[in-house]
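Open the model in your viewer and keep the selection tool ready. The stops below go from salt bridges to a surface patch and then to a helix.

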Amino acid sequence: MNAGVVRKYLVVHTWTGILSSILLFVAFYAGALSMFEPEISQWVNVTAQSPSGKPDIDALAQAFFEDAAKPPKAAEMTLPTPFDSAVIRFKNAQGNQIAYLDEAGKLAQEPDMGFSTGDFVDYVHRKGGLPLSLEMAEPIIGIVALLYGIALVSGVIVLLPSLVKDLFYVRISRNLKRMWLDLHNVVGITSLPFHVVMAISAAVFCLHDYVYDAQSAAIYPQGIDGVLAEVRAEMPQALPSTQKDWLPPTQLIARAQAHAPGFMPTFMRYRDVADGAATVQLAGTDDAYFARSSRVGYLTLEPATGRILDATYMLGPESTWGSVLASFFSLHFGSYGGVPVRILYALLGVMGAFLFYSGNLLWIASRLKKSGQATAPFSEQPRNVRWLGALTIGACLGCVAGLSAALVAVRWLASSGIAPESIAYGAYYAVFFACLVFAFVRGASRVSAPLLAFAGLCTLSIPLTSLLALFSSLAPTTGQYLSAMIFIDGFSLVGAMLMFYLAWRTRSRPGRTNSGIFASLFHRSI
């Protein structure tokens with residue numbers, strides 16, 4: 001391949017990587033954590049006092065709909081687990097409410113104060129950590145995903161001339177920049193299929209509204225809304241019915257499992273209750289098939305007869321097009337194959353975060369080496385190098401520390417009366433911006449060790465919190481806590497030890513007072 005072509009693609013790879021790297025680091029690291037979204041919520045809420053009612057879902061549904069003078073438009077029943085009873089969540093004039101059967105079997109109701117910390121981590125992932133609404137952040141992440149795709153293609157082209165010779169070749173020597181470049185290349189090539197799927201699917205998820213608008217204007221004469229209306233009109237419609245005619249939830253679940261034997265239901269959503277023609281959307285899991293959402297598939301039933309109205313979002317071999325479409329969702333969310341795939345996706349997510357972090361450090365080292373300023377005092381280095389170094393160290397380690405601090409803060413302050421959502425976002429952004437400001441004020445070379453140690457301490461606070469809880473009156477039962485402990489505390493402990501090791505290596509290197517960013521980031525911090 002012509003050397004000039006390779007150099008041009010190297011420029012493209014470098015700048016698309018730099019423009020997208022920070023947001024991608026946050027998205028990948030938070031995305032790795034979100035693979036354990038249910039366990040995170042369980043870990044945070046493990047000491048919360050959930051309603052200790054009866055698990056009889058048939059009696060709960062009957063009591064709830066008979067009691068309601070004015071039925072809510074929608075109601076969602078969470079099915080019982082070994083650790084939680086069945087509850088119905090709905091909204092009325094008093095706000096979000098929760099209904100359940102008390103120990104005497106009578107219907108009880110209270111405000112719904114539930115907050116899913118797993119959802120918080122997922123929102124940080126989807127927004128790339130931006131302090132914006134999801135509607136504003138997603139288009140930005142979509143553009144970043146497109147840049148990410150260009151960086152992947154250009155990076156492969158740059159590596160092609162030496163691909164066979166250097167693949168899986170990591171040179172462990174005194175030339176640490178060479179070693180980091182080898183690691184960067186190995187991680188990028190070996191996980192390339194994963195990254196291609198992430199780039200394409202993220203761009204589609206974040207920009208699909210604009211794609212639909214373009215299709216509506218340029219392809220469909222009646223507009224895409226008209227096409228969707230025609231599709232819905234061809235689907236079976238629920239007939240008007242009253243609550244007394246509805247089948248019990250256990251019979252509806254049996255109808256769904258007869259359609260899909262491996263389907264494991266998790267919740268039921270009653271919709272259009274007040275309109276007369278109600279439907280029941282049954283959600284559940286089946287790790288043998290791809291899913292059209294992050295965790296579950298859906299089957300829509302008619303509550304009076306159990307007739308299947310819509311299996312478009314159901315798990316399993318439906319139509320060929322449906323299976324292809326579901327594969328895009330599942331390949332992004334890792335919602336197939338059970339726990340082994342979730343662990344694999346978490347590891348790939350952390351490796352992806354390393355890819356973006358190392359790419360920025362490699363650019364900083366190369367720029368300083370070309371300008372002959374690799375050992376220059378920090379104040380004499382180019383402004384763009386100083387700023388990118390501070391942004392990389394501050395934002396990346398601030399994200400790691402902030403997410404851990406948010407989880408611990410929500411758990412410790414659960415009884416404070418402060419909204420859990422405010423605690424989570426407040427703790428995350430307070431820690432994130434504090435790390436970012438510290439990096440810009442002190443410089444990347446001086447803060448890499450302290451911030452690594454701080455991020456390790458925040459991450460270690462997760463298993464420490466669990467350890468303290470075991471010796472307190474708030475300790476949960478062993479069975480309730482085991483799965484969350486394995487995934488959340490175990491991975492956090494390993495991550496904390498790794499960050500402490502890197503911080504120790506940073507401070508133990510000779511010449512610790514040298515403020516040269518090349519020396520600090522490569523000869524001290526690695």
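A residue counts as buried when its relative accessible area is under 20%, as exposed when over 50%, and as partly exposed in between. The model is predicted.

Select Arg342 to begin: its relative accessible area is 13%, so Arg342 is buried.

For another, select Glu76 and Arg269, whose side chains meet at 3.1 Å, N to O. Here strand E1 (residues 74-78) holds Glu76 and strand E5 (residues 264-271) holds Arg269, 193 residues apart. Glu76 is partly exposed at 23% relative accessibility, and Arg269 is partly exposed at 24%.

Next, select Arg307 and Glu302, a salt bridge with its closest N and O atoms 3.2 Å apart. Arg307 is partly exposed at 34%, whereas Glu302 is buried at 2%.

Now show the surface and select Val196, Ile200, Val204, Val324 and Phe328, a nonpolar patch with about 400 Å² of accessible area together. Helix H8 (192-218) and helix H11 (320-333) each supply at least two of its residues; H8 gives the most, with 3. Val196 lies in H8 and is partly exposed at 35%.

Finish on helix H13, residues 383-412, which spans 41 Å from first C-alpha to last, close to the expected 44 Å. Of its 30 residues, 24 are buried.

Technical notes
Residues are numbered from 1 along each chain as its sequence is written. This is a predicted model: local features need pLDDT of at least 70, side-chain atom pairs count only at pLDDT 80 or more; totals for chains, interfaces and linings use all residues. Side-chain values use heavy atoms; hydrogens and water are left out. Helices (H or I, at least four residues) and strands (E, at least two) are DSSP runs, numbered from the N terminus. The expected span of a helix is 1.5 Å times one less than its number of residues. Buried means under 20% relative accessible area, exposed over 50%, partly exposed in between (1.4 Å probe, protein chains only). Patches are made of residues with over 30% relative accessible area and no salt bridge: like charges are joined within 9 Å, nonpolar side chains (Val, Leu, Ile, Met, Phe, Trp, Tyr) within 5 Å. Accessible areas come from the Shrake-Rupley method with a 1.4 Å probe; for residues, only the protein chains shown count as cover. A salt bridge is a side-chain nitrogen of Lys or Arg within 4 Å of a carboxyl oxygen of Asp or Glu.
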